[in-house]
Amino acid sequence: MLCVLRTDGPTAAPGNQAQSDPVSLSFSFQNLPEIQMEQDVESTVTVRQPKLPKQTWDDVPKPLQDRERTKQKIQRYVRKDGKCNVHHGNVRETYRYLTDIFTTLVDLKWRFNLFIFVLVYTVTWLFFGFMWWLIAYIRGDLEHIGDNQWTPCVNNLNGFVTAFLFSIETETTIGYGHRVITDKCPEGIVLLLVQSVLGSIVNAFMVGCMFVKISQPKKRAETLVFSTNAVISIRDGRLCLMFRVGDLRNSHIVEASIRAKLIKSKQTKEGEFIPLNQTDMNVGYDTGDDRLFLVSPLIICHEINQHSPFWEISKEHLAHEELEIVVILEGMVEATGMTCQARSSYVASEIKWGYRFTPVLTLEDGFYEVDYNSFHDIYETNTPSCSARELAEMMARCRLPLTWSVSSRLSTQGLPDPQEKRSSEAEELAERNGDVANIESESKV
């Protein structure tokens with residue numbers, strides 16, 4: 001085993017941007033023991049048969065077939081655009097959607113929402129238009145069209161089309177003045193009151209639904225961006241998992257906070273299988289670093305320590321892991337005060353080991369400029385390929401004093417220490433000499 005600490009000069013980042021990195025760690029490990037990881041995760045990959053002829057695929061050994069299947073794309077729990085890839089099936093209590101009809105309408109797609117919007121108004125206009133025509137038909141107004149001696153319920157109403165137009169004028173309060181209700185029709189006055197009240201309720205409900213639909217804060221989340229990849233590299237002498245977030249708008253997200261969860265199936269000690277188990281990843285909750293002032297792009301860091309789920313994962317094991325990291329950024333929109341949430345995810349293939357993010361912030365004449373062309377760019381850096389636990393053990397051994405070598409090695413192998421052996425022999429000799437002296441004194445007496 002060899003642990004080397006090396007000091008390098010400045011590291012040049014891609015794009016002719018230099019980054020000062022006065023001290024970097026370079027590790028070289030020999031005869032490093034391999035750690036056998038427990039494979040207690042059920043495969044969540046989408047099984048797709050490779051594009052091979054059937055006869056060729058049948059000739060491939062079964063272990064090789066299984067290996068090829070595991071290389072297929074892993075099914076995401078949360079997609080890159082933040083939408084959850086979960087469908088609810090066999091929901092028996094569908095009446096619950098009707099009890100919260102407002103939220104149900106807001107959650108519908110735009111085409112269905114607009115269709116319901118037009119349908120509700122059209123149905124109400126047709127219904128009350130039919131009621132006005134029915135009153136005119138029952139009173140006999142349609143039989144006395146043109147009779148100046150007859151006082152109809154509604155002037156100039158001579159059929160269903162004119163009744164429908166009068167219904168639209170009443171509910172939308174257009175009031176052209178050509179068709180008007182008279183005071184000789186009490187049933188028409190009651191219908192007018194009912195249509196006015198119900199029309200106001202329909203207007204408030206549908207206009208409110210469309211307003212909320214238009215001003216939904218998730219549209220604000222479209223301008224919150226996450227880096228395409230997450231990276232693992234050394235920061236302050238420790239392995240850290242990092243990803244970058246940014247806000248494209250000049251208006252800020254107030255009280256912005258970020259969380260991260262590891263989505264990975266597990267099996268308990270009792271044998272219970274938990275699919276898609278969620279584990280919190282500390283991104284600064286104890287230090288307050290999870291509260292963001294998101295004016296320029298920020299790099300969110302998760303330190304891989306004893307409490308991290310990546311504590312025993314090395315670069316080699318990461319390539320075979322079936323996991324997903326879901327990151328959630330939420331806060332209040334400064335313009336509206338509504339809560340906004342943006343989500344993204346990283347699977348194992350999108351976590352790059354031994355890389356860092358390219359700087360995007362430069363100082364110009366009187367202001368800072370963010371170059372979003374380099375927002376997703378990363379560059380390679382010196383990073384050990386072992387796990388964080390192995391790295392901590394190696395660093396601890398490198399810091400031990402040289403006098404540790406002989407006695408500790410013998411104690412670890414179960415062999416007696418030479419100094420302890422000499423002291424024990426001296427004690428036994430002293431005891432023997434004491435016994436001989438006692439015997440001689442007794443014989444003299």
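These are my notebook entries on what I looked up in this structure.

**Starting point.** I am working with a predicted model, in which local features need pLDDT of at least 70 and side-chain atom pairs count only at pLDDT 80 or more, while totals for chains, interfaces and linings use all residues. Residues are numbered from 1 along each chain as its sequence is written, and side-chain values use heavy atoms, with hydrogens and water left out.

**Annotated segments.** I looked up the unreviewed UniProt entry, which lists residues 114-135 and 189-212 as "transmembrane region"; such annotations may be inferred rather than shown by experiment. In the model, residues 114-135 are 100% helix and 0% strand, with the end C-alpha atoms 32 Å apart, and residues 189-212 are likewise 100% helix and 0% strand, with the end C-alpha atoms 35 Å apart. Helices (H or I, at least four residues) and strands (E, at least two) are DSSP runs, numbered from the N terminus.

**Phi angles.** I noted that Thr 173, in the loop between helix H6 (160-172) and H7, has a positive phi of about 55 degrees although it is not a glycine. Most residues other than glycine have a negative phi. Thr 173 is exposed, with a relative accessible area of 66%; here buried means under 20% relative accessible area, exposed over 50%, and partly exposed in between (1.4 Å probe, protein chains only). Glu 255, in strand S6 (residues 253-267), also has a positive phi of about 55 degrees without being a glycine.

**Salt bridges.** I found 14 salt bridges in the structure, each being a side-chain nitrogen of Lys or Arg within 4 Å of a carboxyl oxygen of Asp or Glu.

I then turned to Asp 141, which forms a salt bridge with Arg 139, the closest N and O atoms being 2.9 Å apart. Asp 141 counts as buried at 4% relative accessibility, whereas Arg 139 counts as partly exposed at 23%. In another pair, Arg 79 and Asp 81 form a salt bridge whose closest N and O atoms are 3.9 Å apart, and Arg 79 counts as partly exposed at 38% relative accessibility.
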